Amino acid sequence: MNYLSGENLSKTFNDRWLFKDISLGISQGEKLGLVGENGTGKTTLLKILTGELASDSGLVSVRDGIKIGYLTQQPVVSGELTVKEIIFNEKNVIASVVKEYEDCIHHPETSSERMQAALEKMEEFNAWDYDAKVQEITSKLGVVDLDQKFAQLSGGQRKRIFMAQMLLTEPDLIIMDEPTNHLDLEAIEWLENYLSSQQITLIMVTHDRYFLDAVATEIIELDRGKIFRYKGKYAYFLEKKAEREEILKIEVTKAKSLLKKELEWMRRQPRARGTKAKYRIEAFYEIKEVASQNLKKDKLALDIQEARQGGKILELHNVSKSYGEKILVDNFSYVFKKKDRIGVVGKNGIGKSTFLNLLTGKINPDKGERIPGVTTKIGYFTQEAENLNLGNRLIEEVKDIAEYITLSDGTTISASKFLDQFLFPPEKQYTYIDKLSGGERKRLQLLKILITNPNFLILDEPTNDFDIDTLNVLEDFLDKFSGCLILVSHDRYFMDHLVDQLFVFEGDGKILPFNGNYSDYRSIGEEDEVPNPSVSKQTVKEEKLEKKKPSFKEKKEYEELQKAIDLLEEEKRKIANELTNTSNDHNQLIKMGERLEAVNLEIDMKTLRWLELTDLIES
């Protein structure tokens, strides 16, 4: 059953086509993930499908009786409304039915007719378990104080409230724009299970690759103004996208070659052509359209020179921090080492940002000591673009720090060229910062941090507002970054690929160090049933935490060792064959014998390490 369809939709922005004559249909039970680079028009398309924005051409039709729930990136209502008034607004029919039923119960003078009508409505909307559903959704999304005013809430709290409001209306079709932004990891995992396990129909824009893979059954790509649909998971999409782009390159190359011949023919026919030639004229323009496609894609380039890092980096000794009665960090100690790659995880509001501010020295501990190394240079990427002067132009903002930037190979480039590498072309560099989009501001914020040449990077939710292609570039850069890295992110894929240990915030200021990435940590949370009732689940969890888990680097090393040993064995066989068939050249025989001995020694060493890792990984 088709719920919604858009036919021949087109939209321009600043005299540029975002998309033209695209069509899209959503049927019952389909879960579609909409992907594409920043600026391709994904959010615009969602707004057109919901009726919030008119298209320049085309038609959107919704099946009669279908209720749509739409979650925007930045929901806005009157600041005087309470959380309760927002969640249970007039759009929530079920809430109104429950409210009417409860009103009838609490007023004995209610007529039997009104009571009967209320009972029938409760049956019609299956509203008997509504209270339990409200409790589940609000608690899992961290919506606690229903009497709080909207104006008092943070951006993340507002997003979670509108998520709860949308889910509680029980829409037939859910449309969501970046649903995982501002949710903590626990809430994301709950939402992931909620959306994937129920008979829900949805279309969403998200950069969270784990979430996309777990929830979406089809991927829709918006690329160069066209829609491409892939009936499979995210990995299948990547494979087929690569195939499609390779075919497109071949088609454009052929069209350019053919266009030259057809152009000569067109020039030789200056006067009116006969009827027989019309098909060829039409074909010429079709070939021209294919040949004129620009296959070049601008790609973010991250390249900086890191400041030299000394032996002493940063030490925390018995650090504590509280606000009133709330303890956020309690007696925490850690000595940071070179190439530490640490993820920080825990619920929203549990103290992660406070901890980062302690690390950077923005705030001082109530107790304990923070001792930075002399050569330690911290780059701190925050959730809010607080280090930007909105009254500056882009080029002014960068030149205030440096006219020239040194790259990793020692060469220098101008501030303008560096902005260009960050996808701010020359014509954009004189734009005022307050005119930039959220994603552009985040990109500029990252640029400002990197040109200071930090050797200790602290990134607080860096994945918000970046598309998947940009995240891949950032991921590659951080993977090669040789300094210390502290990462707070709700993007589990991003964290899994970059960190090999965690600081787990458990509440009441307790921070638990854990060796491994986020998936390793989650795997220990799935405890087997404890056979001895006297042993608590917490005890079992602590025991499992004490067991060393293989890190991402160790898993990678294990895979590379297997390949290296195979190559060495092959080399050993070749040397043995050459020794058998070689001439009586004494010097050559000595060299080959020495090499054979070295290969054997290397095989033995790598095999021992491989066995160690095998025990660790398979235990």
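Predicted model: local features only at pLDDT ≥ 70, side-chain atom pairs only at ≥ 80, totals over all residues.

Trainee: What makes the pair E218 and K231 a polar contact?

Mentor: The side chains of E218 and K231 are paired at 3.3 Å. The limit for N or O atoms is within 3.5 Å, so the pair qualifies. Beyond four places in sequence, E218 is in contact with several residues, including R229, Y230, K231 and G232, as well as E30, K31, L32 and G33.

Trainee: Why is Y210 called partly exposed?

Mentor: Y210 has 28% relative accessibility. Buried requires under 20% and exposed over 50%, so Y210 falls in between and counts as partly exposed. Y210 is found in helix α8, residues 209-215.

Trainee: Which residues does Y210 touch, leaving out those up to four places away in sequence?

Mentor: Y210 touches E192, R492, Y493, D496, H497 and S519. Y210 and Y493 are 283 residues apart along the chain, yet their C-alpha atoms are separated by 5.9 Å.

Trainee: How many cavities of 30 Å³ or more does a search of the whole structure find?

Mentor: The search finds 1. The largest cavity holds about 70 Å³ of space. Among the residues lining the largest cavity are L183, D184, V344, K352, E461 and H490.

Trainee: How does the lining of the largest cavity divide by residue class?

Mentor: The lining has 5 nonpolar, 4 polar and 3 charged residues. Asp, Glu and Lys count as charged, so D184, K352 and E461 in the lining belong to that class.

Notes: Residues numbered from 1 in each chain as written. Heavy atoms only, no water. Helix = DSSP H or I, 4+ residues; strand = E, 2+ residues; numbered from the N terminus. Buried < 20%, exposed > 50% of the residue type's maximum accessible area, 1.4 Å probe, protein only. Contact = heavy atoms within 4.5 Å. 1 Å grid on protein atoms, 1.4 Å probe; cavity = no way out; pocket = protein on both sides within 12 Å on 5 of 7 lines; lining within 4 Å. Points joined across faces, edges and corners; volume = space filled by probe spheres on them. Polar contact = N/O pair within 3.5 Å; in protein donor to acceptor, adjacent residues only side chain to side chain.
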